[in-house]
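Have the model open and follow along.

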Amino acid sequence: METPIIQPKKIVYSGIQPSGTLTLGNYIGALRNFNRFPEDEYQCLYCVVDMHAITVRQDPAALRKRCLELAGIYIASGLDPKKNVLYCQSHVSGHAELMWILNCFTYMGELNRMTQFKDKSAKHADNINAGLFTYPVLMAADILLFNTSVVPIGADQKQHLELARDIAQRFNGIYGDVFTVPEGRFGKVGARVMSLQEPTRKMSKSDPEDTYIALLDPPDVIRRKIKRAVTDSDAEIRFDPENKPGVSNLLSIIAALTDQTPEQAAAELQGQGYGKLKERVTDCVIATLEPLQSEHKRLMADKGYVQGILDENAEIANRMATKMLRKVQRKVGFAERGRR
Ligand code: AQP
């Protein structure tokens, strides 16, 4: 009998910063897509990227607390910690070690073009640190460290992913096929959820509270924030992001949470006012978040369990990372180790 050929599983990798309370943007653009990879084909790693978070000044105690909370959100959103590798970036030193090597294969001109750097420098003019500038190289290291094939992310990270691909191809061009060149996976709807108050800007967890819906906001807060969301002065419910950004953003949220297109969501609300549109958004958001919130509450009452998951999974991630790191170190010519 012929032995069946077992294909190695493809690696899926993504991370979220514990830089604030997660928003509906993080959920729709990234988190809810993490569950969509069949386990017989994919090995998924989801990281709490605390090293990225300190590119902006953080309160240490609050950051530590948010790392655990974010791990809880991963689990509460349905990621089984026995089947997915859920871990903290700072527990795996390979991220920083690979980043240093990749820094030497990234050009200043490439980093200068990154729009997130420009946006964040404008937001944090008093702290434009080197980490903010080299953030995309750390992101490339996160991804390439595990030979990742697929990266589920929001549209705002497209440019960073392109850079990771360029770095991988550049490195492979010099040393042979070392890295898998990763592909981005973006949701069809909701890849860019916009601010409730300035719907031409993305919803961001480090912006003022009334601009975003936090995943852990109670129903009355969700209702209030959506009620105050910016729309426009004519009362037509139409999906037209250029001319009606506020209304279109609300339609996209409904569409993303009900697996419709925004046009279908608009058609269902034809002839009704913005009050009805907002009620519909509120209902969809609350129905989506309620189960996640109650599971998260349960998990946070047992922090030891969540900490245990992070510790166990960091060991797995470390083993996987070290294998790749040693390969890269050998390729660039670092000194041999353990050859006596
Ligand atoms: N508004 C959004 N719409 C769709 N996707 C989004 N993501 C973030 N905001 C939106 C996706 O969430 C994942 C994790 O992002 P992150 O927290 O690591 O960093 P970020 O993109 O910089 O997100 P924030 O909320 O704006 O964080 P802060 O304010 O801390 O910088 C990514 O896949 C991202 O695309």
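Start with what's tucked away: buried residues make up 53% of the 340 residues in the chain, where buried means under 20% relative accessible area, exposed over 50%, and partly exposed in between (1.4 Å probe, protein chains only). Bear in mind that this is a predicted model, in which local features need pLDDT of at least 70, side-chain atom pairs count only at pLDDT 80 or more, and totals for chains, interfaces and linings use all residues. Residues are numbered from 1 along each chain as its sequence is written, and side-chain values use heavy atoms, with hydrogens and water left out.

As for the overall build, the chain has 13 helices and five strands; these are DSSP runs numbered from the N terminus, with helices being H or I of at least four residues and strands E of at least two. The radius of gyration is 21 Å, close to the 20 Å that the globule rule gives for 340 residues, so the chain is as compact as a globular protein of that length. That radius is taken over C-alpha atoms, and the rule is 2.2 Å times the number of residues to the power 0.38. Along its principal axes, the C-alpha trace spans about 80 × 50 × 50 Å. Of the contacts with a separation of 6 or more, 76% join residues 24 or more positions apart, a contact being heavy atoms within 4.5 Å.

Now zoom in on helix H3, residues 60-76. Its 17 residues reach 24 Å from first C-alpha to last, close to the 24 Å expected at 1.5 Å a residue (that is, 1.5 Å times one less than its number of residues). In H3, 12 of the 17 residues are buried, so the helix is largely enclosed by the rest of the structure. Among them are Leu63, Arg66, Glu69 and Tyr74. What do the buried residues of H3 pack against? Their partners are strands S1 (10-16), S2 (42-48) and S3 (85-88), along with helices H2 (50-53), H12 (274-300) and H13 (303-332). Just after H3, Gly78 takes a positive phi of about 110°.

Asn147 isn't a glycine, yet it has a positive phi of about 60°. You'll find Asn147 in the loop between helix H7 (130-144) and strand S4 (150-152), partly exposed at a relative accessible area of 28%. Asp259, also not a glycine, has a positive phi of about 55°. Asp259 is in the loop between helix H10 (245-258) and helix H11 (262-268), and is exposed, with a relative accessible area of 67%.
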